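This report describes selected parts of a single structure.

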Amino acid sequence: MPEILKIEHLSKTFGTNVVLKDIDFEVKTGDVTSIIGASGSGKSTLLRCINLLETPTAGRIFFHGENILDDRVDESKYRSKVGMVFQSFNLFNNHSVLSNCMVGQIKVLKKSKEDAKQAALFYLHKVGMASYINAKPHQLSGGQKQRVAIARALAMQPEILLFDEPTSALDPEMVGEVLDVMKALAKEGTTMLVVTHEMAFAREVSNHVVYMLDGKIEEEGNPKQLFKNPKSQQLRDFLSRFTNQEQQ
C-alpha cells in the first residue's frame, strides 16, 4: 500500500520542556495505527503536531510525499484531508446535530447546503445517529456526541482520521458504542491513527502499534508480536498493568 503520512525526526518543546524527541514513523493507506503509552508520554501532542494544531519545533511531516511544514503548503486544505476526532467532542453547542456535520463542508469544502446535508445524513446514518439530526449536543449522551463527532469528521471525506483518546471522556457503558463504529470503519479500510488506552482495540483492530515513552517511540510493530512478546521491559510493565485490569 502507498504511504500516506511519513513523520521524520519530529520534535516538540514547550519552553524547556521536551515533549517529543526525534519521532519517526509512517502510515500507509488503509493502516489502523494505535499509539499507546502512559499519560504524559507525548501521544496527544504528536497527533496535534500531525494536524498542525501545534507547530513542531523540528522535523518534517510528509503527506503524500509533500512536507506540510513548508511555508507554501495550504494548511486548511491539508487539514480538510486529515480528520480529527477529539477526546472532548468539540461540537458546536448552538448547532443541531445535522448542522454540526454540515458547517465544515460548506465553509471549507465550499459545498452547497443540499450536498452538505446529503453527506451529513449519510454519515450520521452510518454511525447510528440519523434519528437525532434535530437534537442539540446538550441533549445527547457522551457516546452519542462522539458518534456525531465521528460523522462530522467523515463528512469532510478525509484521507486519514486522527482519534485523540476518543473514549476516555466517556462513561464505561458508552465506550463500546464508539469502539463499534471505529471497528466498522477499520473493516471498511479507513486509514486511522488512534491514540488510545483501549488495549483490546489496539491489539485486535490495529495492524500497527506504536508504544511511546517519555516523548520517544520506545517500540513499534505488529500488534500480535508487540503484545505477545514485547522487547522492552517498560512495555512489558505497561501491558501487564492493563492485563491485570482486564482480569479483575
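Predicted model: local features only at pLDDT ≥ 70, side-chain atom pairs only at ≥ 80, totals over all residues.

In the hairpin formed by β4 and β5, 2 residues lie between the strands, and H64 adopts a positive phi near 50°.

Strand β4 covers residues 58-63 and pairs with β5 in the antiparallel sense over 2 bridges. F63 stands opposite E66 of β5, while F62 has N67 of β5 as its bridge partner. Strand β4 is also joined to β1 (residues 3-14), through 5 bridges in an antiparallel arrangement.

Helix α1 (residues 43-50) contains T45. This residue has a relative accessible area of 14% and is therefore buried, the limit being under 20%. Apart from neighbours within four places in sequence, T45 is in contact with K12, F14, V19 and L20.

**Strand β9 and its partners**

A second hairpin, made by β9 and β10, likewise has 2 residues between the strands, and here D214 takes a positive phi near 50°. The two strands, β9 and β10 (residues 216-221), pair in the antiparallel sense over 5 bridges. L213 stands opposite K216 of β10.

Strand β9 also pairs with β3 (residues 32-36), to which 4 bridges join it; these two strands run parallel. S34 has V209 of β9 as its bridge partner.

| Strand pair | Direction | Bridges |
|---|---|---|
| β4 and β5 | antiparallel | 2 bridges |
| β1 and β4 | antiparallel | 5 bridges |
| β3 and β9 | parallel | 4 bridges |
| β9 and β10 | antiparallel | 5 bridges |

How many of the residues of β9 are buried? In this strand (residues 208-213) the count is 6 of the 6, so β9 is largely enclosed by the rest of the structure. In a regular strand, side chains alternate between the two faces of the sheet. In β9, H208, V210 and M212 point one way and V209, Y211 and L213 the other way, and all are buried.

N207 is located in the loop between α7 (199-204) and β9. With a relative accessible area of 39%, N207 is partly exposed, whereas the residues of β9 are buried. Neighbours within four places in sequence aside, N207 is in contact with D31, V32, T33, N222 and P223. Its C-alpha atom is separated by 30 Å from that of Q105, a residue 102 places away along the chain.

**M192 in strand β8**

M192 is part of strand β8 (residues 192-195). Is this residue buried or exposed? Its relative accessibility is 0%, so M192 counts as buried. Not counting residues up to four places away in sequence, M192 touches D31, V32, T33, L161, F163, M182, L185, A186 and F201. D31, V32 and T33 are also among the contacts of N207. Between M192 and S76, which are 116 residues apart in sequence, the C-alpha to C-alpha distance is 20 Å.

**The largest pocket and helix α5**

The largest pocket has a volume of about 560 Å³. Its lining comprises 22 residues, and those nearest the centre are M84, G104, V108, R152 and M156. At least two lining residues come from each of α2 (75-81), β6 (82-85), α3 (97-107) and α5 (142-155). Which element gives the most to this lining? It is α3, with 6 residues. By residue class, the lining divides into 10 nonpolar, 9 polar and 3 charged residues.

Helix α5, one of the contributors to the lining, has 14 residues and reaches 20 Å from its first C-alpha to its last, close to the 20 Å expected at 1.5 Å a residue. Of its 14 residues, 13 are buried, so α5 is largely enclosed by the rest of the structure. Just after α5, Q157 takes a positive phi of about 50°.

Conventions. Residues numbered from 1 in each chain as written. Heavy atoms only, no water. Buried < 20%, exposed > 50% of the residue type's maximum accessible area, 1.4 Å probe, protein only. Pairing = 2+ DSSP bridges. Contact = heavy atoms within 4.5 Å. 1 Å grid on protein atoms, 1.4 Å probe; cavity = no way out; pocket = protein on both sides within 12 Å on 5 of 7 lines; lining within 4 Å. Points joined across faces, edges and corners; volume = space filled by probe spheres on them. Nonpolar A, V, L, I, M, F, W, Y, C, P; charged D, E, K, R; others polar. Expected span 1.5 Å × (residues − 1).
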